[in-house]
Amino acid sequence: FKISKRNMSISDKDCQRFFRAGILTLKHGTALLQNLLDFKLQQMHLSLRELLYLHRHDLFHSWYKNGCCTCPTAKPSYFSGHLIKSQYEDLFELTKTPNRVCQHVKTSLHGICSCRYEVRKDVHTRSLDIPVSSTLLLNLDDFRYDDASIEAIWELRRLRNEIIDLGSEMCLIEEKFQLFWNRLVSSVGSIAALTSADSQDQTTEQIRSLRDDPLHLYSAMTVVRTISHGNQRELSFLQDLQDVMGMQSNKRQGEVLAMLELGLELFSSTLSQSNLALKELQNCKFLLYGGNFTGLAKNLSSPWMKKLLKARLQVHEQTEIWREMLWSSDPLKSKVSQTLSFKSCGENVKLSNDRRCAAWNFIESDGVTFSNRPMDHLEQVTLDVTGSGEVAIGAIESDPVVQSRRLSSFSTCPDLKTAVIVKTYDSSYQVKISRDSDLLIVFCDDQRYVMEVDQKKKPWLVFNLRFGDLQIELESEAHFPMKFHETMGTNVQSVGGTKRLLRLKHVNLRSTCRLSRRLRNGEEVLLNVCQEKPVDVRTIPCYLSLGISADGLQNGSLHEDQPFISASRSWLFRKRYDQSLCSGKVRISVTRRGVLKLVCPQGMTETVQLSNTEQKMGVAVVFELFRTELDIVSYKIRG
């Protein structure tokens, strides 16, 4: 793959060195921090959403440094970490209804206050990039490390900044590569050691493979995509700083300090300490502290700032060149033709009607189990649910072993009371269950569910792993800890032999399919979405996830085996239609002028203008189905 503009090639040794360093930093380094965060949360028996909820106020002040209604004094609370708004919004989302008691909402033009932000329901560790995950690990009081481990995480942040800066050239000479590689190997090795010996061994093998084995095209594509994503965020906040008076007029002055701090960290990694830009950024902090916005605006419009912006624009230009070059080998790339069909990527998607119909293929994957004893008065237990799928939690007031056959039909057993159904998608939830006399109380997802039980009879807990790849773990602080019963359903198995951790033997695998090729200017496809009729009496909901991206798809996957989870993927549209919306017509088209249009089942239309590069590459469309069927009703090429 050659580009005449800069005489670059993926086979060039300097380019290959860059991509090897980039893969270890941006792909494996990101995964290591995500694994470390998961490991720490598991030790604390917390989900990521619970952790973020506990620190909602502190994390608000990671990007907004003015006071809010939760601050104990007029001055804003101090938080050592720094995020820009787009990074903060990876974790939290603005609620539609403001708190009417909050004075900040009443006086602020945009209603900016910590009370208006809630933890995102779809947040999970796999969607967090290096800046966000390391900010949590380094700055939340819940996590403790020795000085060497802290330095290893900081070093990975610095190396990530250097890789993005090197994106303006996309190459590393041998001498610089060896220095970078040695620092990187030391950092990722130290981080891997914080989780387990297996993780350390796996990282060692990844390092060996990256150093010795041929470079994979898809991994190079991941590096380009991640650099583009990170650089775009940093370019955006530098452009905001250059127009700091506009930020002040829009009541955004509370964001300026975090931007300056991140700018200092970013360029400290890539510039010499004597560089003028570092000195001026430090001076800008003093001007901000003194309230001199006029002087701050003048300083931020100086030539040194324009030079920083120019460097970031060069990174953007270079990533676009490489993006188009690498993506040209995409297996979805093809010329416009008169046919369009589906291609199955999941093991339980069935194609028919000349591959114009894609249907979720039912695979029985239920599993029922119950507690090894009834629940005592004032006893409390915790259930950790991880993976994707649903688990129903109920209670029965007689020995469930006697009724094990009847319990296999969970929803039709007359003696069984269902308290809550936990739905999870590539995340973790914690369910807390307690008994108080004649009440069984369940806390889940910030909600409280109460179920009446006979005070004279002790309730046994019953768990139905309904589908997916779920895993459940039971935690009990009683003198005789509650465990799962030895008698369990045929599709449930114990992990580790402790009877406290269970999973399904036969999982209901991911159900992914995609259009057989990309859509380009002038093409339109009309799809019919319908719900599959259940083969049993259970009311398990259906859903359809739809993603449209101009990023490269290798072998039909959007991100290895997890198509809708990526910290860096650039989505043009990403939708999830639950049961109420999972029926009707979906129209996807690209006009001759490069406008992508999506018409949803309820008739709502959304549009986005494609860039020149995106128009050349076309857009790929991928779906994830559950109890859903898709049909290509019509396909048109407009003149």
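At 17% relative accessibility, Arg-17 counts as buried, where buried means under 20% relative accessible area, exposed over 50% and partly exposed in between (1.4 Å probe, protein chains only). Its salt-bridge partner is Glu-174, at 2.8 Å from N to O, a salt bridge being a side-chain nitrogen of Lys or Arg within 4 Å of a carboxyl oxygen of Asp or Glu. Glu-174 is partly exposed, at 37%. The pair, 157 residues apart, links helix H8 (residues 174–192), which holds Glu-174, to helix H1, which holds Arg-17; helices (H or I, at least four residues) and strands (E, at least two) are DSSP runs numbered from the N terminus.

The model is predicted, with local features requiring pLDDT of at least 70 and side-chain atom pairs counted only at pLDDT 80 or more, whereas totals for chains, interfaces and linings use all residues. Residues are numbered from 1 along each chain as its sequence is written, and side-chain values use heavy atoms, with hydrogens and water left out.

Glu-265 and Arg-157 form a further salt bridge, with their closest N and O atoms 2.8 Å apart, and Arg-157 is buried, at 7% relative accessible area. This pair joins helix H12 (residues 256–268) to helix H7 (residues 147–166) across 108 residues. In total, 28 salt bridges are counted.

The largest nonpolar core has 67 residues, of which Leu-48, Leu-52, Leu-91, Leu-136 and Ile-227 touch the most other members; such a core is a set of buried Ala, Val, Leu, Ile, Met, Phe, Trp, Tyr and Cys residues joined through side-chain atoms within 4.5 Å. Helix H1 (residues 13–44) contributes the largest share of this core, 12 residues.
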